[in-house]
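Trainee: Could we go through this model together, one question at a time? I would like to start with the sheets and then move on to the helices.

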Amino acid sequence: MLDLLLLVIQRDLVLAMRRRADVLTTLVFFVMVVSLFPLGVGPELSMLRKMAPGVLWVAALLASMLSLGRLFSADYLDGTLEQMMLAPQSLSMLVLGKMTAHWMVSGLPLVLMAPILGLQFDMPGQELGILIIGLLLGTPILSMIGAIGAALTLGLRGGGVLLSLLVLPLCIPVLIFGTGAVEAMSSGLSVVSHLSLLGALLVLALVFTPWVTAQALRISME
Amino acid sequence: MNCGYYNPCMHAGDSLKHLHQLSRIAALNFVLVRYVTYTCMVMMAGFWYLALSLPEAIVYNLQNVKILGFLFMLEVSNLACSRGDHRLFCGLNFSLSSGQIMQVQGANGSGKTSLLRTLCGFMMPDEGDIVWRGGSIRELDEDYYAEMLYLGHLNAIKDELSALENLRISAGLSGVDLDEKEAVAALRRMGLRGRELLPTKVLSQGQRRRVALARLLVSDAKLWILDEPLTALDVGAVALIQELIGEHLAQQGMVIFTTHQPLQVAGTEMRSLTLS
């Protein structure tokens, strides 16, 4: 079972490496959106510092929406998804593999890029640290919740917009706790509660979303 | 003077040895007791499990007539299927046993692909049952999928990957761990010598179909469900597929397929099912 998980992750990573443009689009979009804010709002440091976590998180949320449409659609169109459903192992495991690969390709680069972008907003080191930890816990949740939406809108015309409308409201808790942790840090409060809640959401998503996504895929394939 | 185990008259080394021996006996005793207790517990649990599940198993097997399941591996009874509001077929009955081949015939839109997809479990039938070795495929799920291979209209190959990578990954998905040598041998038999490492996007339509069909060579599935396997293939490849199907049937395999091209398999009677 673990072999299969690794096989799917490896396959998706190889595919991502051969289609580098897709990976870079997400990252460049993230960098662009975040960089536009200082230009638009003006170079007042105290204001930038205050809005930094919110801007970074919202940009990460939007960037993760960009690549969700491709999560299952390529496999659906060339028939690989059919074969995955006929695999003699649980479909949830395959889905978990796809989610993991998706996060490594579209979530992890955002997390790694965030500290550099945070410096643009003059964020202090400790807050940057909390931001990264928050993003590390939060971006996998975005990939996993997004996968449910991607599975439900599979094969629909104009599915991309529908997907965002479906998934973005579900991501609000992640946004609140993620930005809340950084704000708590800057006002000298404990960040543990916010990060613990993010961790709890991650565990919850890890347990339930692969199964829900697998069911949604079965419905979409009928 | 004798006070329990410790005798001060004894040599210091002796007493240590004595104690050591005692502790070894105690440890052995402890392990034995634990072992026996655990074995008893496991046996009791097994007994109760059997006692509780046996009647259920008997009832289950009687219901599904397991004995008939040996004769007919795949049994379809009273199957009805529709697409939207349009009823494709209803009251469909057939069974297939080891070493048999069946062609599904019918005009375009008569529901051949829908029937095959229903047999794969992609679509829920409106009515009826599909039974594999005595169990409904809905309940068997992964056990059924381990024994069947489906090849649809779509090739399920990735343009960015080479023929070799494609074959190894699709074999891996169906639970077969394929090493490079076997995969290369399969591709060569499919007439793709020298093209194993090319990305499949540079291959022709027929060659891509051959990559997809190479799965037949490396799979150990008993039931093959092939939807138009001969599309885009040249004469040589069609002959090869006929040969492969013949070999599969000789090994007590089963094949259900659709095609609009003539396909002859030597040495077996071709059954046919016509949808109208």
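Mentor: Helices (H or I, at least four residues) and strands (E, at least two) are DSSP runs, numbered from the N terminus. Residues are numbered from 1 along each chain as its sequence is written, while chains are lettered from A and ligands numbered from 1 in the order in which they are written. This is a predicted model, in which local features need pLDDT of at least 70, side-chain atom pairs count only at pLDDT 80 or more, and totals for chains, interfaces and linings use all residues.

Trainee: How many bridges join strand 1 of chain B to strand 2 of chain B?

Mentor: The two strands run antiparallel, and B:Leu79 has B:Leu92 in strand 2 of chain B as its bridge partner. They form a hairpin with two residues between them, and B:Gly84 in the turn has a positive phi of about 65 degrees. The number of bridges joining strand 1 of chain B to strand 2 of chain B is seven.

Trainee: Which strands are at the edges of the open sheet of four strands?

Mentor: The pairing in this sheet of chain B is antiparallel, with the order 2-1-4-5. At one end, strand 4 (residues 127-132) and strand 5 of chain B pair over two bridges, with B:Val131 standing opposite B:Ser136. An edge strand here pairs on one side only, and that describes strand 2 (86-96) and strand 5 (135-136) of chain B.

Trainee: What is the strand order in the open sheet of five strands?

Mentor: Here the pairing is parallel; for example, strand 3 (residues 101-105) and strand 8 (residues 254-258) of chain B are joined by three bridges, and B:Gln103 has B:Phe257 as its partner. Strand 6 (148-151) and strand 9 (270-274) of chain B are the edges.

Trainee: Are helix 6 and helix 7 of chain B roughly parallel or roughly perpendicular?

Mentor: Helix 6 (residues 163-173) and helix 7 (residues 180-189) of chain B pack at about 115 degrees, with axes 10 Å apart. Angles under 35 degrees count as roughly parallel, over 145 as roughly antiparallel, 65 to 115 as roughly perpendicular and the rest as oblique. That makes helix 6 of chain B, relative to helix 7 of chain B, roughly perpendicular.

Trainee: Why are helix 2 and helix 6 of chain A called roughly parallel?

Mentor: Helix 2 (residues 20-41) and helix 6 (residues 91-120) of chain A have axes that come within 10 Å. By class, their contact has eleven nonpolar, four polar and no charged residues (Ala, Val, Leu, Ile, Met, Phe, Trp, Tyr, Cys and Pro count as nonpolar, Asp, Glu, Lys and Arg as charged, and the others, Gly among them, as polar). The two helices of chain A are therefore roughly parallel, as their axes cross at roughly 25 degrees.

Trainee: Which element gives the largest share of the side of chain A that touches chain B?

Mentor: In total, 19 residues of chain A are in contact with 21 residues of chain B. The elements that give two or more residues to this side are helix 1 (2-18) and helix 5 (80-85) of chain A. The largest share, five residues, comes from helix 5 of chain A.

Trainee: Where in chain B does pLDDT stay under 50?

Mentor: pLDDT is the predictor's confidence in each residue, from 0 to 100. Chain A averages 92, and the mean for chain B is 84, with 87% of its residues at 70 or more. The model scores ipTM 0.86 and pTM 0.81. The stretch under 50, for which the model has six contacts beyond four places in sequence, is residues 65-69 of chain B.

Terms used
Two strands pair if DSSP finds at least two bridges between them. Axes are lines fitted to C-alpha atoms, for helices over the stretch in contact, and angles run from 0 to 180 degrees between N-to-C directions. Two residues are in contact if their C-beta atoms, placed from the backbone, lie within 7 Å.
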